[in-house]
Each structure stands twice: as C-alpha cells, then as structure tokens.
Amino acid sequence: MILPKIAVLTGAGISKGSGIATFRDGSDSLWRHYEPQQLATPQAFARDPRLVWEFYDWRRQKMVAARPNRAHVTLAEMESYLPDFTLVTQNIDGLHREAGNQKIYYLHGDIWYVRCTECDFRQEDRRAPLPELPPTCPRCGGLLRPDVVWFGEPLDPMMLMKSERVFREADIALVIGTSAVVYPAAYLPHYTLEHGGRILEFNMERTPLSPYAAETILGPSEITLPTWWEQFKRTLSLD
Ligand code: BJW
Ligand code: ZN
C-alpha cells in the first residue's frame, strides 16, 4: 500500500494538556493584566524590554516543568511510521523535540534560544529563571531577546517556503490545536486543499478553518489524536 503524505500544523492547544496556557483562551493566559498579544510585539520590547522579558521568563519557568502529552507522543510515532511526514509548528515550547520528532519546522521560533539585537550572537539558554533581566549579549553587551517571531516580524523565509511546499504536496493536512487566525501559518492548510488533498482538524471548538476541513474532530487533542491514529494505522495495515 502507498502510504499517504502527511503535513501537520500545530498550535498552542496541543500543549494545553501539558499545562501550558494557550495564547487566546482567556483567564489562565492572563499575566499581570496584559494580553499576550500586547507583549509579543517589537514595539512592546522597544518600549519596555524588562517587562517583555519578565513575561517570557515567567513562561520559560512554566514550560521548563512541562512534559510532552499523548498528542506530542503520537506525532513522534507517526514520524517513525510514515516516510513522508512533516511537522510544522507555531509553538515555541520545544515539546515536539522532547517527544522525539526529528524533522520540525519552527515557524515562530524557539523560546529556549536567545539572540542579540545588535550582533549575530544566538545561543541556546535553558536557564529558568534567567539570572539577569533583561539579559545582555556576552559578545557585544547589546540587549538579548527571545528568538521568537513577534507580530509584524517576518517569518524565516526558507522555513516558510519549505512549509508551503510540504503542505502543497500533502495528501492530508492535520491541523491540531490552533485558532487558525495568525498568518501566514493559518494559510498553510489551504495549499493542501488547493492541490486536491484534505484537511483534518483537531480542536476543542470550530475555527475559521473548519468550513474548509473534511472533518473537525472536537475534543482535547491529547485524547482525540491518539484515537484517530490507532484507527488510521489499522486502515493502512500498519499495526
Ligand atoms: C485545544 C486544546 C486541546 C485548546 N486540544 N485544541 C493576513 C491577514 C491578516 C493579518 C495578517 C495577515 N498576514 C500577516 C498578518 C499580521 C499578523 C497576523 O496574522 N495577525 C492576525 C492576528 C490578524 N501576522 C504577523 O505579524 C506575522 N508576520 C508577518 O506576517 O510578517 C510579514 C512581514 C513580511 C516582511 C517584513 C515584515 C513583516 C508574524 C506572526 C507571529 C506570531 N507570533 C506569536 C508569538 C510567538 C512568541 C510567543 O509565543 O510569545 O505566535 S503570536 C501567537 O499566535 C503565537 C502563536 O504561535 C500564534 C498562533 O496561536 P495558536 O497557536 O493558534 O494559539 P491560540 O491560543 O490562538 O489557539 C489555541 C487553540 O487551541 C484554540 O483554537 C483552542 O480551541 C485550542 N485548544 N485546548 C486541542 N487540549
Ligand atoms: Zn551582541
């Protein structure tokens, strides 16, 4: 049997079951009365780098304690079974890597990397909390920032191009735990549709993508995704 080409897009909802707050789900995403959208901007960082770093340092402390859940583990298993499988994530938490996925495209960066705003210094830093806020560059003394993509900033063009290709070529796009409102990420599954493939969505609720999906499987992805994969494996005679 020819195995299908699968492209996956994940968002904050897949990590909710690991105890990480999503971006837009109200009460537990509140931090000192700021909306995350207000702080994830270059303007906020220019105005008050310490405040923005306090927000990221707080999130790093939550994330460092988090472990992959059954949805992350399922995606790692899918990668090991399917020769044509690519995971594209909007998440910065590193949980896909920890679950064991090898080929991951990070659209919005990685919270465990810092980079200099003055020179090309970039390095992994897993300390949480950081000893000094805002942190400064060991090479030039400039201000360091989290290596993430804020609103109004361009995504890595190579990463985006490769992601677009993967979705264009996919037979099935799995879209998991994203509100599908942030572009250009939210457009990726449409490439699959335009090229004759189909979209399967996993979310707690319907999203602006739902009208385009062949099916929206409602519920927590840490439950629905493993169940779907067990059935799908059987239809492919992979179990
Ligand atoms: C569960 C669950 C469970 C809960 N199981 N599910 C076209 C149209 C309109 C606007 C634009 C456009 N193109 C560009 C824009 C502007 C902007 C944008 O999209 N704005 C819209 C909001 C209107 N885009 C940009 O600015 C992007 N840059 C860009 O386009 O640059 C162009 C450029 C070119 C050349 C020069 C200069 C510029 C950049 C976007 C960067 C986004 N960054 C953030 C922050 C990253 C760092 C950080 O985390 O702090 O990325 S914002 C935030 O949103 C974060 C997320 O990755 C992203 C997506 O959120 P996500 O993952 O979908 O989370 P939620 O919370 O929204 O949804 C969670 C979902 O899970 C919900 O649906 C729940 O129901 C569900 N759920 N529990 C399954 N257990
Ligand atoms: Zn520097």
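**A tour from the pocket to the chain end**

Start by selecting the residues that line the second largest pocket, which divide into 8 nonpolar, 2 polar and 7 charged (nonpolar: Ala, Val, Leu, Ile, Met, Phe, Trp, Tyr, Cys and Pro; charged: Asp, Glu, Lys and Arg; polar: the others, Gly among them). This is a predicted model, in which local features need pLDDT of at least 70 and side-chain atom pairs pLDDT 80 or more, while totals for chains, interfaces and linings use all residues. Residues are numbered from 1 along each chain as its sequence is written, chains are lettered from A and ligands numbered from 1 in the order written, and side-chain values use heavy atoms, without hydrogens or water.

The second largest pocket holds about 330 Å³ of space (a pocket is an open set of points on a 1 Å grid with protein on both sides within 12 Å along at least five of seven lines, and lining residues have an atom within 4 Å of a point). To find its centre, select Y106, G109, R122, D147 and D156, the closest to that centre among the 17 lining residues. Colouring by secondary structure then picks out β4 (109-116) and β6 (144-148), the elements that each give two or more residues to this lining (strands are DSSP E runs of at least two residues, helices H or I runs of at least four). The largest share, 4 residues, comes from β4. If you colour by domain instead, at least three lining residues come from each of domain 1 (1-19 + 68-108 + 155-239) and domain 2 (21-65 + 109-148), with bounds from an automatic or database assignment.

Select M63, V64, A66, R67, D93, L95, E98, W112 and R126, which line the largest cavity, a space of about 30 Å³.

Now select the zinc ion (ligand 2) together with C116, C119, C137 and C140, whose SG atoms are its protein donors at 2.3 to 2.4 Å (donors are N, O and S atoms within 2.8 Å of the metal, or 3.2 Å for Na, K and Ca). Along the chain these donors follow the spacing C-x2-C-x17-C-x2-C. The arrangement is tetrahedral because the 4 donor atoms subtend angles of 102 to 116°, the limits for four donors being 85 and 135 degrees. C116 is buried, with a relative accessible area of 6%, whereas C119, at 25%, counts as partly exposed (buried is under 20%, exposed over 50%, partly exposed in between).

Two proline peptide bonds are worth a stop. The bond from L133 to P134 is cis, with omega near -10°, and P134 is found in the loop between β5 (122-124) and β6. A cis peptide bond also joins Y183 and P184, with omega about 5°, and P184 has its place in the loop between β7 (172-176) and α7 (188-194).

In the loop between β7 and α7, select A180, which has a positive phi of about 55° although it is not a glycine; A180 is buried, at 9% relative accessibility. Finish at S237, in the segment after α8 (221-235), where phi is positive, about 55°, in a residue that is not a glycine; S237 is exposed, at 57%.

Definitions and conventions
Four donors count as tetrahedral if all angles lie between 85 and 135 degrees; four count as square planar and six as octahedral if opposite donors are over 155 degrees apart and all others between 65 and 115; anything else is irregular. Buried means under 20% relative accessible area, exposed over 50%, partly exposed in between (1.4 Å probe, protein chains only). On a 1 Å grid over the protein atoms alone, a cavity is a set of points where a 1.4 Å probe fits but cannot get out, and a pocket is an open set with protein on both sides within 12 Å along at least five of seven lines; lining residues have an atom within 4 Å of a point. Grid points are joined across faces, edges and corners, and a volume is the space filled by probe spheres set on the points.
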